[in-house]
Amino acid sequence: HLCYYEGLSIFAGCRLCVVQIEGMRGLPTSCSTQTAEGMVVWTKTPEVLEMQRGVMSLILADHPDRCLSCHRQEHCGIDGICLRDAVVTYRCLTCAKNKRCEFQSVSEEMEMHKYPMRYYQEKSSWYGPGHVELAIRRTNPFIELDFNECILCARCVRACDEVRGLSCYELSYKGPQAHIDTAFGLSLQEVGCDACGACVDACPVACILDKPSKWKGNAQRVV
């Protein structure tokens with residue numbers, strides 16, 4: 001799963017937790033399906049795995065995926081051969097959340113680098129001619145926003161709404177134009193953000209990061 005976050009409402013947006021249930025049509029999401037007496041659930045059938053990889057391919061199509069589906073993944077050494085690729089600017093070693101990214105760990109668990117990206121050549125893909133890279137927002141002194149990394153899990157929206165009650169983020173538009181943005185497209189300071197960090201904690205990728213610790217790696221202790 002990618003959109004589930006403990007303490008937040010069920011969103012069923014990433015569609016990765018699909019399962020097969022005896023006697024039920026289709027492949028429902030496990031996060032939004034209530035258990036019942038005698039229910040028989042399969043989580044690793046060929047149909048389920050095929051659906052999950054298809055969903056991941058869709059998410060990867062609109063995300064810089066060289067750190068997630070690179071064929072060098074099993075051979076890349078500490079000398080960082082990927083950094084010498086002048087064409088691709090997004091690599092695992094250039095990502096501030098490398099080895100702390102849930103999207104990365106899920107992709108590795110599903111071994112997505114072994115499967116062809118179905119939507120890789122589409123015009124709407126990240127590397128396609130129709131893609132427009134968004135500017136990284138660095139005006140806030142505490143939080144940096146890079147919506148190029150966003151996977152539309154809406155965890156930041158729900159954390160800000162349900163935990164803090166501030167509603168600093170919103171899910172805008174639908175379909176291919178859907179994206180997470182700050183409320184009304186304003187800066188975080190203008191929408192009442194108090195820099196609590198709930199969105200930073202909830203974000204599974206490198207979309208929302210706290211600026212002071214962006215390049216410091218894993219925390220050594222929690223206070």
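Leaving aside neighbours within four places in sequence, which residues is R158 in contact with? Contact here means heavy atoms within 4.5 Å. The answer is C3, L8, S9, I10, F11, C153 and V163.

First, the ground rules. This is a predicted model, so local features need pLDDT of at least 70 and side-chain atom pairs count only at pLDDT 80 or more, while totals for chains, interfaces and linings use all residues. Residues are numbered from 1 along each chain as its sequence is written, and side-chain values use heavy atoms, with hydrogens and water left out.

Now the overall layout. The protein chain has 5 helices and 6 strands. Those are DSSP runs, numbered from the N terminus: helices are H or I with at least four residues, strands are E with at least two. In order from the N terminus, the elements go β-β-α-α-α-β-α-β-β-α-β.

Next, burial. The chain has 223 residues, and 41% of them are buried. Buried means under 20% relative accessible area, exposed means over 50%, and partly exposed lies in between, with a 1.4 Å probe and protein chains only. The accessible surface is about 13,400 Å², with 54% of that on carbon and sulfur atoms. Those areas come from the Shrake-Rupley method with a 1.4 Å probe; for residues, only the protein chains shown count as cover.

What about contacts along the chain? Take the contacts with a separation of 6 or more: 64% of them are between residues 24 or more positions apart.

Back to R158. This arginine sits in helix α4. Its relative accessible area is 6%, so R158 is buried. R158 and S9 are 149 residues apart along the chain, yet their C-alpha atoms are separated by 7.4 Å.

T29 makes a second case. It lies in the loop between β1 and β2. T29 counts as buried because its relative accessibility is 4%. Beyond its neighbours within four places in sequence, T29 contacts A12, R15, C17 and V18. From T29 to G13 is 16 residues in sequence and 9.3 Å in space, C-alpha to C-alpha.

On to the core. A nonpolar core is a set of buried Ala, Val, Leu, Ile, Met, Phe, Trp, Tyr and Cys residues joined through side-chain atoms within 4.5 Å. The largest one has 37 residues, and L2, F103, Y169 and I208 have the most contacts inside it. Two or more residues come from each of α1 (46–61), α2 (66–69), α3, β3, α4 (155–164) and α5 (198–202). α1 gives the most, with 4 residues. In soluble globular proteins, nonpolar side chains tend to be buried together.

Now helix α1 itself. It has 16 residues and reaches 22 Å from its first C-alpha to its last, close to the 22 Å expected at 1.5 Å a residue. The expected span is 1.5 Å times one less than the number of residues. Buried residues in α1 include V48, Q52, R53, G54 and M56. The buried residues of α1 pack against β1 (20–21), β2 (41–42), α2 and α3.

Salt bridges next. Side chains of opposite charge can pair when their charged atoms come close. The cut-off used here is a side-chain nitrogen of Lys or Arg within 4 Å of a carboxyl oxygen of Asp or Glu. The whole structure has 6.

Start with D181 and R137. Their closest N and O atoms are 2.8 Å apart. This pair links distant parts of the chain, 44 residues apart: D181 is in strand β5 (residues 179–182), and R137 is in the loop between α3 (102–109) and β3 (143–145). D181 is buried, at 13% relative accessible area. R137 is partly exposed, at 28%.

R138 bridges to E144, with 3.1 Å between the closest N and O atoms. E144 is buried at 7% relative accessibility, and R138 is partly exposed at 47%.

K114 and E111 also meet in a salt bridge, 3.2 Å from N to O. K114 is partly exposed at 49%. E111 is partly exposed too, at 33%.

Last, the surface. F11, L152 and L171 make a nonpolar patch of about 230 Å². Patches take residues with over 30% relative accessible area and no salt bridge; like charges are joined within 9 Å, and nonpolar side chains (Val, Leu, Ile, Met, Phe, Trp, Tyr) within 5 Å. L171 is in strand β4 (residues 169–172). With a relative accessible area of 45%, L171 is partly exposed.
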